[in-house]
Amino acid sequence: MANENSVKIIDAKSLEFSALNDIIRESGDCVIENALGQRFIAAGMSYRSIKIKGTPGNALGAYLNGGTVEVFGNAQDAVGDTMNDGRIIVHGSIGDAAGYAMRGGSIYVKTDAGYRAGIHMKAYRDKIPVMVIGGRTGSFLGEYQAGGVIIVLGLHTDGKPIVGNFPCTGMHGGKLYLRSDCKNVAFPKQVTAKKADESDVAEISGYIKTYCELFGADYDALTDSEFTVVTPDSKNPYKQMYVQN
Amino acid sequence: MQEYPNNLAREGEIRIPSGCAISAAISRTGRKFSGEGIIGSMIPMHDRSNGLGGGFAAYGIYPDYKDYYALHVFYDDNSCRTDCEKFLFEHFEIVRSEIIPTRKMPEITDCPLIWRYFAVPEHNRLMASQLTPDEFVARCVTRVNAEIRGSYVFSSGKNMGAFKAVGFPEDVGRFYKLDEYEAYLWTAHGRYPTNTPGWWGGAHPFALLNYSIVHNGEISSYDANRRFIEMFGYKCTLQTDTEVITYIADYLLRKQGLTLEETASVIAAPFWSTIEKKPPEEAEKLRFLRTVYSSLLVTGPFSIVLGFEGGMMALNDRLKLRSMVVGERDDMVYVASEEAAIRVMEPELDRLYAPAGGEPVIVRVKEEM
């Protein structure tokens, strides 16, 4: 067992994913260099600080149970799948289905997210998952969202809309914030999208502050702008669909 | 009640983290480069395949025979070859025939005989048929694949070729010595067959004339598409869904004369609700394409790269149920299921992005080859 206080440097070049994860598991805090597509990095791990240079593979931090994973580059698909606790920071963009069914912890992304970010995110008591995306997202943002908080800051500069088609489809819990007036965004019928008031923005000010500290954005400018907040109309829209419950 | 043998892993006890992989690289200036990079791009995506199929398409590889159709053929054995060559010699003028060079290697086994022929349609037959040379060749390919026992023409374009096998893609690339070919466009595929057998003919790319398709996904609409396309003389003989996309591309592009963008709007048609939001003229056109070619809408998850003479088109299904990213650097454009694959070919990129579902990425080589 390596000394927990030392930071081990792991060269991931040509390492197969299970071999790399075995090394990480035996290390304490570590820096992974030359990551290139290895899957499941940090999956199910806790209490470590893992820094990654290069391009980690799919399912980065799946079932993450604590600690920090920080990527200096882009991440691929299914970041933080079913994560339970801890923090994933990506100094770049993330692929599709980020935070799939995550039930705790946080994901901070400097730029854009792909399709289905936050799909089926859920919350329970003190477990409130949070995803903050600096740029824009693809379609089906917050699909089947059942809990937690999704924030999209729209700091992208490519002129594309802040979100693709069909956001919040099947949403039945949690809150979703878009830093936009959302005039051209079509939301489904079962959600309410309204201009965020001061108390709405106050609820997420801590998350925005963290984003600004991590990536160097202007906190005042961000919190001074207009946000749209989306919530489902009922906590249990399927209440009497099958049985009385 | 069904008894399970003790040594067989049951559902939930084994995980096969696979899902097919595609990759492509093209030079917009038509500069040719070896297959080494594209082979390397498949290595970080190794676990997306399961060793039951890998393949490549390469464009611009036969400059000395660029006016001849390059027929790549699998034979089960020499008696099949004799039968098929009788047909080929009757229907084509063949200027060169040879065994496609391969490496003997332990990773690739049970090889069929692999031949190639540089050929043009036999003059008198062609005249009598009153067909264009392309149509003549397409019909001959369909006849061989459907009617001649143990013979499969798996590539039939000019100055291009498909190379495929049962194995992992990086092994298949070495097996065919693709590092010794130079092309302006390479596409690649690693296969994880889901519903159909993993056999040599079922590996990707699927090619007809100059069109080739590599595909990650599973076509829910396969039978509807197959029934429609078989009305126009195509025959789906290769026991897997992707084949039909190749024929759809050939039908829409070559026979119907649609543009690439229009073809994309047929196979990954936008939702009606999306069409309604478009400007009137565009909406009218999209409504027309969805209505006329409704049987060619391809549903289910897919990311594909269509290769053609002088370019390629990458396309996702409209729901984007498969991942696909695009990278650019100088004259090069790269497409792959994973960013890591692109980084193998080019660590430093000018631009990297994920196209939206149904949004075609079309790259053409500036000068005709």
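Tutor: Let's go through some labels and test each against its definition.
This is a predicted model, where local features need pLDDT of at least 70, side-chain atom pairs count only at pLDDT 80 or more, and totals for chains, interfaces and linings use all residues. Residues are numbered from 1 along each chain as its sequence is written, while chains are lettered from A and ligands numbered from 1 in the order in which they are written.

Student: Why is Leu155(A) called buried?
Tutor: Buried takes 20 or more other C-beta atoms within 10 Å of the residue's own (exposed is 12 or fewer, partly exposed in between; C-beta atoms are placed from the backbone). Leu155(A) has 20 within 10 Å, so it counts as buried.

Student: What does Leu155(A) touch, leaving out residues up to four places away in sequence?
Tutor: Gly134(A), Gly135(A) and Ala217(A). Contact here means C-beta atoms, placed from the backbone, within 7 Å.

Student: Where does Leu155(A) sit?
Tutor: In the loop between strands E8 (146-152) and E9 (173-178) of chain A. Helices (H or I, at least four residues) and strands (E, at least two) are DSSP runs, numbered from the N terminus.

Student: Which residues of H4(B) are buried?
Tutor: Among them are Phe136(B), Val137(B) and Cys140(B). The buried residues of H4(B) pack against several elements of chain B, including strand E4 (69-75) and helix H2 (78-91).

Methods
Two residues are in contact if their C-beta atoms, placed from the backbone, lie within 7 Å.
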